[in-house]
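Reader: Please give me a close look at one part of this model, its surface, and then at what lies around it. Keep it brisk.

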Amino acid sequence: ITFMFGFLISLLMIMILSWLGFIDSSNIWLSLGVSAISLIIASFVLISDMERAKQLVDAGGPKQAEWMLAFGISYTVLWIYVELLRLAIIIFGRRN
């Protein structure tokens with residue numbers, strides 16, 4: 001979770017520096033790096049969600065907690081999908 005918040009703060013700093021003109025917003029390597037790191041974080045979050053779901057099932061948790069975990073897993077899968085699309089757009093959108 002700490003890594004995720006650190007990454008979020010880094011993204012905000014990159015966005016602000018880009019607006020101020022200190023960073024070139026068309027830098028493909030920066031975009032690729034940010035997308036790759038975000039995809040790795042999303043994958044770790046998915047693994048964590050699956051582990052929490054396994055622990056809940058093993059402990060015989062309540063149905064309300066199962067729905068919250070299912071929502072979390074769905075959201076994480078959607079996040080991975082969006083990051084993969086973003087990475088594909090960055091890679092294939094720069095073709096000349």
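Author: Leu12, Met15, Ile16, Leu17, Trp19, Leu20 and Phe22 make a nonpolar surface patch of about 770 Å². A patch takes residues with over 30% relative accessible area and no salt bridge; nonpolar side chains (Val, Leu, Ile, Met, Phe, Trp, Tyr) are joined within 5 Å, like charges within 9 Å. Areas are Shrake-Rupley values with a 1.4 Å probe, and for residues only the protein chains shown count as cover.

The model is predicted: local features need pLDDT of at least 70, side-chain atom pairs count only at pLDDT 80 or more, and totals for chains, interfaces and linings use all residues. Residues are numbered from 1 along each chain as its sequence is written, and side-chain values use heavy atoms, without hydrogens or water.

Ile16 sits in helix α1. Helices are DSSP runs (H or I, at least four residues), numbered from the N terminus. Ile16 counts as partly exposed because its relative accessibility is 41%. The scale is simple: buried is under 20%, exposed is over 50%, and partly exposed is in between (1.4 Å probe, protein chains only).

Now move to α2. Trp29 lies in this helix. Trp29 counts as exposed because its relative accessible area is 67%. Met13 is 16 residues from Trp29 along the chain. The C-alpha atoms of Trp29 and Met13 are separated by 17 Å.

Next, a pocket. The second largest pocket has a volume of about 200 Å³. A pocket is an open set of points on a 1 Å grid where a 1.4 Å probe fits, with protein on both sides within 12 Å along at least five of seven lines; lining residues have an atom within 4 Å of a point. The volume is the space filled by probe spheres on those points.

Which residues line the second largest pocket? Ile1, Phe3, Met4, Ile41, Phe44, Val45, Ser48 and Arg52 do. Two helices, α1 (2-20) and α2 (28-59), each supply at least two residues of this lining. The largest share, five residues, comes from α2. By class, six lining residues are nonpolar, one is polar and one is charged. Here Ala, Val, Leu, Ile, Met, Phe, Trp, Tyr, Cys and Pro are nonpolar, Asp, Glu, Lys and Arg are charged, and the others, Gly among them, are polar.

Arg52 is partly exposed because its relative accessible area is 42%. Arg52 also forms a salt bridge with Asp49, with the closest N and O atoms 3.5 Å apart. A salt bridge puts a side-chain nitrogen of Lys or Arg within 4 Å of a carboxyl oxygen of Asp or Glu. Asp49 and Arg52 both lie in α2, three residues apart, about one turn of the helix. Asp49 counts as buried because its relative accessibility is 6%. Arg52 is also 17 residues from Leu69 in sequence. In space, Arg52 and Leu69 are 7.7 Å apart, C-alpha to C-alpha.

By this rule, the count comes to four salt bridges. Among the pairs is Lys63 with Glu66, the closest N and O atoms being 3.6 Å apart. Lys63 and Glu66 are separated by about one helical turn because they are three residues apart in α3. Lys63 is exposed, with a relative accessible area of 59%. Glu66 counts as partly exposed, at 30% relative accessibility.

Arg86 and Glu83 also pair. Their side chains meet in a salt bridge, at 3.6 Å from N to O. Both residues lie in α3, three residues apart, about one turn of the helix. What is the burial state of Glu83? Glu83 is buried because its relative accessibility is 8%. Arg86 is partly exposed, at 35%.

Last, Ala70. Its place is in helix α3 (residues 63-92). Ala70 counts as partly exposed because its relative accessibility is 35%. Ala70 and Ile89 are 19 residues apart in sequence. Their C-alpha atoms lie 29 Å apart in space.
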